[in-house]
Each structure stands twice: as structure tokens, then as C-alpha cells.
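Try each task before reading its solution.

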Amino acid sequence: MQLTDLGTIRDLFSRHGFSFTKSLGQNFLINPSVCPKIAEMGGCGENVCALEIGTGVGVLTRELAIRTKKTVAVEIDRGLEPILTETLSDLSNVEIVFGDITEIDLKKLFREKFQGEEVVVCANLPYYITSPVIMRLLEERLPISSVTVMVQKEAAERICAKVGSRESGALTVAVNYYSTPKKLFGVSRGSFAPSPNVDSAVIRLDIARENKCSVRDEKLFFRMVRAAFSQRRKQMINPLSAELKIPKEKLAEILETVGARATARAEELDMNQLAALCDAVYYFK
Ligand code: SAM
């Protein structure tokens with residue numbers, strides 16, 4: 001069964017009474033070259049397990065399962081269950097967990113389903129939860145070696161931008177704190193049914209075993225980064241002063257100690273400067 005064939009998808013839908021739910025980001029891949037590439041470039045192998053987020057009709061799930069020891073996929077839409085029972089029936093190493101990836105207990109899922117095995121995450125992410133899902137996967141420090149996901153093209157550019165460049169944002173800093181991001185390839189909107197209004201790209205985040213930079217207080221670091229980028233094109237001193245409750249004059253001095261001007265925008269500071277700023281704030285408070 002060719003799961004990227006529109007006729008096959010329509011037939012599955014009509015036999016199982018399924019229709020797309022737009023609000024769940026249900027744009028299914030119909031370009032046959034994309035899923036094998038995600039699985040290959042996402043580090044799948046016979047000694048590795050995979051976690052997928054959002055199965056659709058199982059098109060990527062199949063590519064992951066045939067290459068890995070075990071594949072577990074989390075899918076929110078129970079209406080897909082009869083379809084997946086049919087499309088994955090010949091594979092014995094796949095398990096579908098029906099639930100919401102933003103709410104599910106991931107530590108428990110990893111303990112129960114993967115039992116210490118090496119895990120790669122591969123997914124065509126529903127776009128409405130791109131950032132929270134990526135951040136959850138990174139922040140929970142799960143035993144994952146890499147995350148290879150399709151995201152909106154603009155999100156890919158933001159995530160893979162250099163920290164300290166005009167294109168960077170709070171998400172760039174957060175992703176770079178935990179991993180090394182890389183854009184793998186672009187995917188046009190015509191590769192999906194229904195076709196979305198935007199193009200996409202596949203990115204890979206290689207998770208750092210140890211922190212890429214160290215800060216005294218991680219919570220403070222992310223609070224500070226969010227505030228600093230909240231008015232991206234403006235001086236960071238105003239939102240920082242309000243969030244951290246530090247007078248602007250003092251903040252200007254602290255910025256100078258990390259080699260930044262008092263008038264600097266957050267996008268001008270590199271990772272080491274942001275980390276040094278956080279530690280200077282930590283000691284001031
Ligand atoms: N992997 C399939 C493909 O490439 O054709 C489907 C990808 S589609 C962009 C996103 C999938 O994620 C849909 O199957 C949708 O139902 C599912 N989904 C949406 N929100 C979810 C959530 N919060 N938790 C788990 N799955 C979700």
C-alpha cells in the first residue's frame with residue numbers, strides 16, 4: 001500500500017469514516033521521497049529506537065519501524081486508530097500511544113517503552129505546537145540523541161539562526177543551549193494534502209551530552225532570555241529591567257561587564273555573553 005498516494009489515502013478515509021481536522025495540523029505527506037529521507041537522516045538504525053509525534057495514516061511511522069528496533073508514536077486523534085491498525089498490520093515493532101504530546105508524561109513513557117535504549121525523535125510536527133514540543137523534548141533531558149523534525153520554513157530559519165544574529169530569537173537561544181541545530185532540506189507546500197499556506201523544512205537537533213554553556217541558574221537564564229527578546233528590535237534594557245527588577249543604570253553597568261552596550265538589542269549578544277549576563281544578574285540579585 002502506497003501511503004503517499006492520494007487515491008489510497010482517500011480510500012482509507014472513506015472506508016474508515018475519517019476526515020482531516022485542520023485545527024490538529026493534519027497536513028499529511030504525499031511526496032514519497034520525504035519520509036525515507038527523514039528516517040535516514042534522523043539517525044534510524046537497527047540498534048536504535050524511534051519516537052514519532054503525530055502518525056497521520058502512518059506514512060513516516062512505517063519508514064521508522066522498518067529501520068529501527070522499536071518505534072513508538074504518540075497520536076492525539078483516536079479517529080486514526082482503525083486506519084493505523086490496517087496500515088501498520090505487518091509490522092510487529094510499532095506501538096501507538098493515543099494522547100496529547102504536550103501533556104503526556106514523557107519520562108514515564110521513555111521508562112516504560114524504551115527502557116534505556118538509544119532513542120531518536122523523528123516527526124512531521126503539527127505546526128501549532130512546534131515550539132512547545134521542541135522545548136519539552138529538550139528541557140526534560142530525556143535520553144534522546146537527536147530530534148529530526150519537519151517544521152514551518154520560518155521556524156526552521158529561526159531555530160537554525162546563529163545566536164547573536166538578526167534572525168535569532170528566544171527559541172534560537174533555547175535550542176542552542178541544549179543542542180546543535182542544522183537545517184537538512186526544504187519541503188514545498190505541494191508535498192502535503194491538504195496543502196498548507198507555507199513551505200516547510202526538516203531540521204535536526206543533535207542533543208549535547210553536556211551543557212553547551214553553563215549558567216548558575218537555568219530558570220533565571222530562560223526568564224532573562226524571554227524578556228530580552230520580548231521586544232526583539234528594541235533595546236533589551238527596558239524589558240530586562242522590568243522583568244528582573246534591576247534599575248536601568250545598574251543593568252547598563254552589568255551589560256558593559258559582558259562587553260555589550262547599554263543600548264544593545266538581545267539579538268546582538270552571543271551565547272557566551274548571554275550566559276555571562278545571566279551570571280552577573282544572578283550575583284547582583
Ligand atoms: N506523520 C504524518 C505525515 O507526515 O503525514 C502526519 C503529520 S501531521 C502534520 C501532524 C499529526 O500530528 C496529525 O496526525 C495530528 O493528528 C497529530 N497531532 C496533532 N496534535 C497533536 C498532539 N498534541 N499530540 C499528538 N499528536 C498530535
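**Exercise 1: Reading the sheet**

Strands β6 and β9 run antiparallel and are joined by 7 bridges. Keep in mind that this is a predicted model.

Task: Find the bridge partner of Met150 in β9, then work out which strands stand at the edges of the sheet.

Solution. 
- Step 1. Start from Met150 and cross to β9, where the bridge partner is Val202.
- Step 2. Now write down the strand order, β4-β3-β2-β5-β6-β9-β7, which belongs to an open sheet of 7 strands with mixed pairing.
- Step 3. β4 (94–98) and β7 (179–187) each have a single partner strand, so one side of each has no neighbour in the sheet. These two strands are therefore the edges.
- Step 4. Going from one strand to the next, the twist averages 20°.

**Exercise 2: Helices on the sheet**

Task: Which strands do helix α2 and α6 touch?

Solution. 
- Step 1. Helix α2 (residues 34–41) packs on the sheet and touches β5, β6, β7 and β9. The direction of α2 makes about 160° with that of β7.
- Step 2. α6 also packs on the sheet, with contacts to β2 (49–53), β5, β6, β7 and β9. Its direction makes about 175° with that of β6.

**Exercise 3: The nonpolar cores**

Solution. 
- Step 1. The largest nonpolar core has 69 residues, and Leu51, Ile134, Phe221 and Leu240 are among those with the most contacts inside it.
- Step 2. Helix α9 (residues 218–228) supplies the largest share of this core, 7 residues.
- Step 3. Both domain 1 (6–207) and domain 2 (218–284) contribute at least three residues each to this core.
- Step 4. Leaving out residues up to four places away in sequence, Leu240 touches Met224, Ala227, Ala228, Lys245, Leu251 and Leu277.
- Step 5. Another core lies apart from this one; it has 33 residues, including Val48, Leu64, Phe98 and Val187.

**Exercise 4: Backbone details in loops**

Task: Is Gln115 buried or exposed, and where is the cis peptide bond?

Solution. 
- Step 1. Gln115 sits in the loop between α5 (106–114) and β5 (119–124). Its phi is near 40°, a positive value in a residue other than glycine.
- Step 2. The relative accessibility of Gln115 is 63%, and the cut-off for exposed is over 50%, so Gln115 counts as exposed.
- Step 3. Compare Arg141, also not a glycine, with a positive phi of about 50°. Arg141 has a relative accessible area of 43%, so it is partly exposed.
- Step 4. The cis peptide bond joins Ala193 and Pro194, with omega about -15°. Pro194 lies in the loop between β8 (192–193) and β9 (200–207).

Methods
Residues numbered from 1 in each chain as written. Predicted model: local features only at pLDDT ≥ 70, side-chain atom pairs only at ≥ 80, totals over all residues. Heavy atoms only, no water. Helix = DSSP H or I, 4+ residues; strand = E, 2+ residues; numbered from the N terminus. Buried < 20%, exposed > 50% of the residue type's maximum accessible area, 1.4 Å probe, protein only. Core = buried A, V, L, I, M, F, W, Y, C linked by side-chain atoms within 4.5 Å. Domains from an automatic or database assignment. Contact = heavy atoms within 4.5 Å. Pairing = 2+ DSSP bridges. Axes fitted to C-alpha atoms, helices over the stretch in contact; angles between N-to-C directions.
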